[in-house]
Amino acid sequence: MARSGAWIWAAGLCLLYATVAVRRHQLMRTTGYDLGIFEQAVRAYAEFRAPVVPLRGEDFNLLGDHFHPLLAALAPLYRLFPSPLTLLVVQSALLALAVVPLFRWAVRAVGPRGAHAVAAGYGLSWGVASAAAFDFHEVALAVPLLSFSLEALGRRRWTAAVAWAAPLLLIKEDLGLTLAAIGAYIALKGRKDRRVRRFGLATAAAGLIGSALEIKVLLPALDVTGGYAHGGQLAAAHGSLLSALAHAPLDLLRPDIKATTLILVFAPSALLALRSPLALIALPTLAWRMASENVFHWGTAFHYSAVLMPVVFAGLLDVLSREDRERDRRNVRAALATVLAVTAVLVPSFPLAQLAQRATWHTTPHLQAARELLARIPDGATVAASNRLAPQLTSRCTVVLFPTFPVGGRLYEYRRGPLPAPTAEWIVHDPEAPEAWPYRRGHWPYPLEQQREELAAAQRTHGYEVVARRDGITLLHRRGTP
């Protein structure tokens, strides 16, 4: 029962997430930043090349942005099915797979009926839903690995827990800190057993050293600017990284959005996960997010909370598994009922609710016009495309962003003056910027007026000619070399 139920939940959740993700792509709500970027990296691996990503800049090796060599594991599947949909479906499967160890643990801890409540809580949780509905990100690889590791921790299978968690070092540079937290948990639980304590401390040291090497050595060696691009987000407010860390306790709950996010992270467990020492494994991710100067890290949108959801539900199961007596069983039922109630309240505010919206199932004339113009671009061409058009082309063309962004490979640098001349054979520009979660209506990366100026300059100065215009979308082509 536990095995079949777990896999039934995984299959159902995979279908749910994939439906949301694929439909968003069909509606052109996915973006060059980030789906297009990751597809270019995986496509390069599939073609036995280094993950050089034109969307991030000329000769930009994506391993210099974040350290995620495990992405190469997706290359064989992408070679068989070269499409952005491959990445979206794989991500859906990975996020859904994490329910399997949680369901099995729940069967042991709270029985088969309670296991279904836990599976529903995890599967519909806002952190997972937010990741499933926003493009593709490498952290999807970490979610099932962390979930299996947490189940092993719950069974005191320390070696298995570390074996599941060790690949986190190959997924993102900060996840070595999560591995270190797992090692610290093992050392804490095995403090009466010298061998277990040493094993936990060695794991913690390996995680810390791994992250340090990636941030201080590997990423700067691969980055075009010779540094760690994201390090400045921790140091910007106070002038240095050490100063930022010193001020972290004061900045933890400022502004208010940080406190709201911290509450919402543990809300799917009815806050019970806070009673478990497993909650400490969430600290590294929460710490760097709250210390960051990037406002996107503070809230509930995007993919940043996906790795926290297995920790939250593992903490819930850890607490509920200690309830043994008849009165405690009533408490367990009440706790699970609260989990389901919180889940039901939060679902409408997050992306899974898009499936119930009429606009999700309606193809507009604007979308049809965009598809017809994109179909006129030949395979293998070089294209400068608007952000939401880019991932429609990355499987068959070499794509950069129009207008040029970022400049010189620098992270999120916006130029209000003249931009470098376009060099692609084709330009396709869409001035429409529909509201699409998690973004509000607006134009990115530059204001619409600047985008129009660059489009006019391409025709006036750089030799591009209008091939077609449909519903405001412009397709330009230039013959010969730049």
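**A helix pair and its surroundings**

Modeller: Helix α8 (residues 158-165) packs against helix α9 (residues 175-189) at an angle of about 175°, and their axes lie 10 Å apart. α8 and α9 are therefore roughly antiparallel. This is a predicted model, in which local features need pLDDT of at least 70 and side-chain atom pairs count only at pLDDT 80 or more, while totals for chains, interfaces and linings use all residues. Residues are numbered from 1 along each chain as its sequence is written, and side-chain values use heavy atoms, with hydrogens and water left out.

Some terms before going on. Helices (H or I, at least four residues) and strands (E, at least two) are DSSP runs numbered from the N terminus. Axes are lines fitted to C-alpha atoms, for helices over the stretch in contact, and angles run from 0 to 180 degrees between N-to-C directions. Under 35 degrees counts as roughly parallel, over 145 as roughly antiparallel, 65 to 115 as roughly perpendicular and the rest as oblique.

Now the residues. On the α8 side, the contact (heavy atoms within 4.5 Å) uses W158, V162 and A165. On the α9 side it uses L179, I182, Y185, I186 and K189. By class, this contact has 7 nonpolar, no polar and 1 charged residue. Here Ala, Val, Leu, Ile, Met, Phe, Trp, Tyr, Cys and Pro are nonpolar, Asp, Glu, Lys and Arg are charged, and the others, Gly among them, are polar.

W158, A160, A161, V162 and A165 of α8 are buried (under 20% relative accessible area; exposed is over 50%, partly exposed in between; 1.4 Å probe, protein chains only). Their cover includes α7, α9 and α10 (194-222).

α9 has another partner. Its axis and that of α7 (residues 142-154) come within 12 Å and cross at roughly 5°. That makes α7 roughly parallel to α9. A142, L146, S149 and L153 of α7 meet L175, T178, I182, Y185 and I186 of α9. This contact holds 7 nonpolar, 2 polar and no charged residues.

Beyond its neighbours within four places in sequence, Y122 contacts Y17, L95, A98, V99, L102, V128, V143, M309, P310 and F313.

Next, helix α15 (residues 308-320). Its 13 residues reach 19 Å from first C-alpha to last, close to the 18 Å expected (1.5 Å times one less than the number of residues). Of its 13 residues, 13 are buried, so α15 is largely enclosed by the rest of the structure.

Two further residues. T343 sits in helix α16 (residues 326-346). At 8% relative accessibility, T343 is buried. Not counting residues up to four places away in sequence, T343 touches A120, G121 and L124. Y439 lies in the loop between β3 (426-429) and α18 (448-460). Y439 is partly exposed, at 28% relative accessible area. Apart from neighbours within four places in sequence, Y439 contacts Y33, F134, F302 and R388.
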